[in-house]
Amino acid sequence: MDASRPDNPLMRAGHAAYFRHVVPAIGGLLSSREAYAYLPKSMAFFEALGYARNPRFTNDTAACIVVSDTINVMLVTHARFRDFTPKAICDTSQAVEVLLNLSCESREQVDDLVARALAAGGSTYDEPEDEGFMYSHSFVDPDGHGWGLFHMRAMPTQSWPCDSQEDRWPDKP
């Protein structure tokens, strides 16, 4: 199934209605309607960040988001995700499921991606940090996954707080 967004406005409206209403309804017959409802929203969020979908690996249960030539992110419905693990899927409003980090070309790219994420329905719970050699900020996508963005200007020339084993793992023996 090709889930790429059609160019024709009429077909695009039908495509959006299909993913917003038909797929969740059919999914609701098989499991939870909510388990299928978020995929179109997730795809739209990452497209608003400027990333494209790879239609070859996108259907009504999964979407391949192309971040770069070497990074792809797979978005999957809960029902499809259960095919990959016997463990329970966590409620990301209550627990952290994953924290992902992406290196950016510049400080401006970090700020731009966070601004786009917030405009597209994401959130943030921290402020940008400038460590001198590294600039970072983060956002949380609508599915509750944390994305750390950073730009490395240069490696630190002096000892950084995490350079010693004690600082790195203070609660470990």
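**Entry 1: ground rules**

I call a residue buried when its relative accessible area is under 20%, exposed when it is over 50%, and partly exposed in between, using a 1.4 Å probe and protein chains only. I am looking at a predicted model, where local features need pLDDT of at least 70, side-chain atom pairs count only at pLDDT 80 or more, and totals for chains, interfaces and linings use all residues. Residues are numbered from 1 along each chain as its sequence is written, and side-chain values use heavy atoms, with hydrogens and water left out.

**Entry 2: the whole chain**

I began with the elements, taking helices (H or I, at least four residues) and strands (E, at least two) as DSSP runs numbered from the N terminus. The protein chain has 5 helices and 7 strands. Read from the N terminus, their order is α-α-β-β-β-α-β-α-β-β-β-α.

Next I looked up burial: 31% of the 173 residues in the protein chain are buried. The chain exposes about 11100 Å², and 55% of that comes from carbon and sulfur atoms. These areas come from the Shrake-Rupley method with a 1.4 Å probe, and for residues only the protein chains shown count as cover.

I then turned to contacts, meaning heavy atoms within 4.5 Å. Among contacts in the protein chain with a separation of 6 or more, 44% are between residues 24 or more positions apart.

**Entry 3: aromatic rings**

How many aromatic pairs does a search of the whole structure find? I got 4. Rings of Phe, Tyr and Trp (its six-membered ring) pair if their centres lie within 6.5 Å; planes under 30 degrees apart count as stacked, over 60 as edge-to-face and the rest as tilted.

I looked at F46 and W147: the ring centres are 5.5 Å apart and the planes are at 65°, so this pair is edge-to-face. F46 belongs to helix α2 (residues 34-48) and W147 to strand β7 (residues 146-152), so the pair ties together parts that are 101 residues apart in sequence. Are F46 and W147 buried or exposed? Both are buried.

W147 also pairs with F139: the centres are 6.2 Å apart and the planes are at 10°, so these rings are stacked. F139 is buried too. Together, F45, F46, F139 and W147 make up one aromatic cluster.

**Entry 4: the sheet around β7**

In β7, 5 of the 7 residues are buried, so the strand is largely enclosed by the rest of the structure.

For pairing, I count two strands as partners if DSSP finds at least two bridges between them. Strand β4 (residues 99-103) pairs with β7 in the parallel sense over 5 bridges, and the bridge partner of L99 in β7 is G146. Strand β6 (residues 134-140) pairs with β7 in the antiparallel sense over 7 bridges, with V140 opposite G146. The hairpin of β6 and β7 has 5 residues between the strands, and G144 takes a positive phi near 90° there.

I wrote down the strand order of this open sheet of 4 strands as β4-β7-β6-β5, with mixed pairing. β4 and β5 (129-130) are at the edges with a single partner strand each, so one side of each has no neighbour in the sheet. Helix α4 (residues 107-119) packs on the sheet and touches β5, β6 and β7; its direction makes about 10° with that of β6. For such angles, axes are lines fitted to C-alpha atoms, for helices over the stretch in contact, and angles run from 0 to 180 degrees between N-to-C directions.

**Entry 5: the other sheet**

I found another open sheet, of 3 strands in the order β1-β2-β3, with antiparallel pairing. β1 (52-54) and β3 stand at its edges, each with a single partner strand, so one side of each is left without a neighbour. The twist averages 40° from one strand to the next. β1 and β2 are joined by 3 bridges, and A52 has V66 as its bridge partner in β2.

**Entry 6: the nonpolar core**

A nonpolar core is a set of buried Ala, Val, Leu, Ile, Met, Phe, Trp, Tyr and Cys residues joined through side-chain atoms within 4.5 Å. The largest one has 21 residues, and those with the most contacts inside it are F46, L49, Y51, L75, F139 and L149. Elements giving two or more residues to this core are α2, β2 (62-66), β3 (72-76), α4, β6 and β7.

I checked L49: leaving aside neighbours within four places in sequence, L49 is in contact with L113, R116, A117 and F139.
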